[in-house]
Amino acid sequence: MSVTLADVAARAGVSAATVSRVLNGNYPVAGSTRSRVLRAVDELEYVVNGPASALAAATSDLVGVLVNDIADPFFGVMASAIQSQIGPAGDHDAEAPHGQKMAIICNTGGSPERELTYLTLLLRQRAAAVVLTGGTVEDPDHLGALATRLRRLEAGGTRVVLCGRQPLTAATDGAAAPGAAPGGAHGPEEDPGPAPVALTFDNFGGARRLTTHLLDLGHRRIGYLAGPAARTTTRQRLDGHRAALAAAGAAGGEAGTPEAERLTVHGGYDRASGYDGALELLRREPGLTAVVAANDTVALGACAALRERGLRIPEDISVAGFDDLPFAIDAAPALTTVRIPLHEAGARAGRLALGREEAPAGRTATLPADLMVRASTAPPRP
């Protein structure tokens, strides 16, 4: 069931008439009462203009695209590809102007709270579609609140697509009961409905192949520059790296051991984190022969730090990245990395968001991650 005016009134401890007065703004209401009502509206994600189920045929021309950081090429490439499929520039809209939509890029800065706020605002705007890009934080409370908002968006006629993000599994939904509000309060029971379509990346498999490549070259002292510890993408890539180490019996393959922690430095997905992280790895393990970075931007920062320490790449130390961002092949030396089909994923997500492509079987598709061996990795051989 959708949230009603009466539900908001019960949550705020006021009458339905008072809620209506606050929302319409046509009658004076005490400030404290107004605050309680608006807080209840936010907690329950109440759609001001009526039950969400009645709005399925009345969505707007807005498509919300949520990104962690639009300045990061990983998100910029996907956002551009998404927009190419939904805006007026594409050939698909030449004879169908009524099908054109306007993309709204929502920059969350990696904040779970900001992600939820944007979803609530898009719900109120009756967005035609919402695309969430990249990984998410592995926090049960956030995942439960996220699942609730996405269900309400879809109940209101909004198509939801996850691009580069794992599907919302039964375990994820179990993080908070349907209808749960922040803080553990529960709203009316809802039909969970079908899961959002998810286009995922093979982060684990790509990372495992990348580290296996280094092991095959003879490297055994391999440092890893990981992303933020609480994010799904970070965990998947780190797990793949360690799985390769464990299979080869190399140091650092068993999570939670002192050796694994010593050879892993967590940071952001930016150049500064790569620079600082590489210096920290060298401090911990002066005999390091290879560094694997969470992404290509981090890898470039690591390369700069290693060069400043007088190390040649790859003669003295190998460096590898992830994503195959546009600049990776033009780095000096060209960067060994894992190619993630960012543009393909974004374009497909855009078509799915507007119903121009059928959902994959099981509503989930895993896109390949291909190893790109270039000049930044080579020695040592036995």
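Biologist: Two strands pair if DSSP finds at least two bridges between them. How many bridges join strand S6 to S7?
Modeller: Three bridges join S6 (residues 222-226) to S7, and these strands run parallel. Strands (E, at least two residues) and helices (H or I, at least four) are DSSP runs, numbered from the N terminus. This is a predicted model, in which local features need pLDDT of at least 70, side-chain atom pairs count only at pLDDT 80 or more, and totals for chains, interfaces and linings use all residues. Residues are numbered from 1 along each chain as its sequence is written, and side-chain values use heavy atoms, with hydrogens and water left out.

Biologist: Thanks! In S7, which residue is the bridge partner of Tyr 224?
Modeller: Thr 264 is the bridge partner of Tyr 224.

Biologist: And what order do the strands of that open sheet have?
Modeller: The order is S7-S6-S8-S9, four strands with parallel pairing. S7 (264-266) and S9 (318-320) are the edge strands, each pairing on one side only. From one strand to the next, the twist averages 15°. Helix H9 (residues 232-248) packs on the sheet and touches S6, S7 and S8 (290-293), and its direction makes about 170° with that of S6. Contact here means heavy atoms within 4.5 Å. Axes are lines fitted to C-alpha atoms, for helices over the stretch in contact, with angles from 0 to 180 degrees between N-to-C directions.

Biologist: New topic: how many aromatic pairs are there?
Modeller: The count is two aromatic pairs. Phe 74 and Phe 75 are edge-to-face because their ring centres are 5.0 Å apart and their planes lie at 75°. Rings of Phe, Tyr and Trp (its six-membered ring) pair if their centres lie within 6.5 Å, and planes under 30 degrees apart count as stacked, over 60 as edge-to-face and the rest as tilted.

Biologist: What about the rings of Phe 74 and Phe 201?
Modeller: Their centres are 6.4 Å apart and their planes at 90°, so that pair is edge-to-face as well. It links distant parts of the chain, with Phe 74 in helix H4 (residues 73-86) and Phe 201 in strand S5 (residues 197-201), 127 residues apart. Phe 74, Phe 75 and Phe 201 form one aromatic cluster.

Biologist: Is Phe 201 buried or exposed?
Modeller: Phe 201 is buried, at 5% relative accessible area. Buried means under 20%, exposed over 50%, and partly exposed in between, using a 1.4 Å probe and protein chains only.

Biologist: Last one: how many disulfides does the count come to?
Modeller: Zero disulfides, with a disulfide taken as a pair of cysteine sulfur atoms within 2.5 Å. Cys 106 is buried at 4%, and Cys 303 is buried at 6%.
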